[in-house]
Amino acid sequence: MKQPRVELIGTGRHVPEHILTNADLETMVDTSDKWILERTGIRERRIATADETLAFMGKLACEQVLESAGVDVMDVDTIIVGTASPDRLLPSQACDLQATLGAENAAAFDVGAACSGFLYALAVAEGLVVSGQARHVLVVGAERLSKITDYQDRSTCILFGDGVGATLVRARQERDRGILSSYLKTDGTLAELLYRPGGGAVHPPSLEMLNDRSYYLRMAGPETFKHAVVKMADACHEVLARAGMSPDDVDVLIPHQANLRIIEATAKRIGIPVEKAFVNIDRYGNTSAASIPMALDECVREGRITEGSTVLMVAFGGGLTWGATLVRW
Ligand code: UT7
């Protein structure tokens, strides 16, 4: 018997209400709306209040997923969360989400792959479903990056926002739809292009850390940019080749929303018209692991993705990590 495909059967997202505009940032650091818009494509991003925890936002996003999938929360047997900014370091974000959601029958754990976290989590979910270890897996990308962003560093603080996106996967015996191929890659030697120096076991929290701001996220922007375009395009070519397909077969490209110029350059390098690339970075900024599932949900609800659409998702982030997933919706 052939292996089942793994299909995505629901989507959902939640973003905080509070909007941080480029004009707001002009009052915080030496920057301008013009620079931010021209260099990144971002106009505004959402920032969570103290009450808008990832568990809270995740619950709202997952409830939408379950409603759109027509699946009861008690039938969820696994929750996987991709995040780099969990509510707390122990237990995992997925445990807190499981409790808030009331998904009593689910095992829950996080995947640490920064901005690639959602696609890494989706690949793990695919494996659990194909091997028969799980039936309904909630796959979540969730970030409250505002809590690890240095609002004195203009090169990073203009980029990041908060939000959660999610989907549900299950097996499908008919092989006409579902995940066609996926590809994950890492280069840990480039970790210090995008990382948080302090706060872990090597540099545990200290008063010094508050002064040198090493608790916050740091990024070598231009160098990261170059890797992003090349590696995302490579990942797309790889998943297309594995599925025996070409760039022309793709209906919708959902790239990680890191920078509009990265999205445009990546689409060009893959050989996909830029109009096929979904963009919402103008409204949400870079939400790391949440950006792809948030975009996916938006595409589905807007009718940009419909039954039979070929969807190419591609991510890149700290690690460095990158990957792509090709899905027939
Ligand atoms: O999500 C994970 C992966 N993330 C990425 O892939 C992000 C990759 N990197 C980027 O998106 C871009 O590199 C940035 C948006 C972070 C920066 O854009 P850039 O075009 O690469 O700018 P740059 O760092 O080369 O800086 C150009 C100039 C510098 O000034 P000088 O040295 O030319 O005088 C910066 O100091 O722009 C200056 N600058 C700013 N000016 C106004 C840097 N940040 C700002 C700012 N406002 N916010």
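Select Ser 85 first, which is found in the loop between β4 (78-82) and α4 (93-101); helices (H or I, at least four residues) and strands (E, at least two) are DSSP runs, numbered from the N terminus. The model is a predicted one, in which local features need pLDDT of at least 70 and side-chain atom pairs count only at pLDDT 80 or more, while totals for chains, interfaces and linings use all residues. Residues are numbered from 1 along each chain as its sequence is written, and side-chain values use heavy atoms, with hydrogens and water left out.

With Ser 85 still selected, note that this residue is buried, at a relative accessible area of 5% (buried means under 20% relative accessible area, exposed over 50%, partly exposed in between, with a 1.4 Å probe and protein chains only). Now show Glu 143, whose side chain makes a polar contact with the side chain of Ser 85 at 2.5 Å, and then Arg 144, whose backbone nitrogen is reached by the side chain of Ser 85 at 2.8 Å. A polar contact is a pair of N or O atoms within 3.5 Å; within protein, one must be able to donate a hydrogen and the other to accept it, and residues adjacent in sequence count only if both atoms are side-chain atoms. Leaving aside neighbours within four places in sequence, Ser 85 is also in contact (heavy atoms within 4.5 Å) with residues including Leu 54, Ala 142 and Ile 148.

Next, colour the two domains, domain 1 (5-176) and domain 2 (179-328), whose bounds come from an automatic or database domain assignment. Their centres, taken over C-alpha atoms, are separated by 14 Å, and the contact takes 52 residues from domain 1 and 49 residues from domain 2. Between them the domains bury about 4,200 Å², 59% of it on carbon and sulfur atoms, where buried area is the accessible area (1.4 Å probe) that two parts lose on being put together, summed over both. Select Arg 13, Cys 115 and Leu 119, which supply 17% of the area that domain 1 buries against domain 2, more than any other three residues.

For the charged pairs, the count between the domains is two salt bridges, each a side-chain nitrogen of Lys or Arg within 4 Å of a carboxyl oxygen of Asp or Glu. Show Asp 150 and Arg 213, whose side chains meet in a salt bridge (2.8 Å, N to O).

Finish at Thr 310 in strand β12 (residues 310-317), a buried residue with a relative accessible area of 4%. Leaving aside neighbours within four places in sequence, the contacts of Thr 310 include Met 245, Asp 249 and Arg 328.
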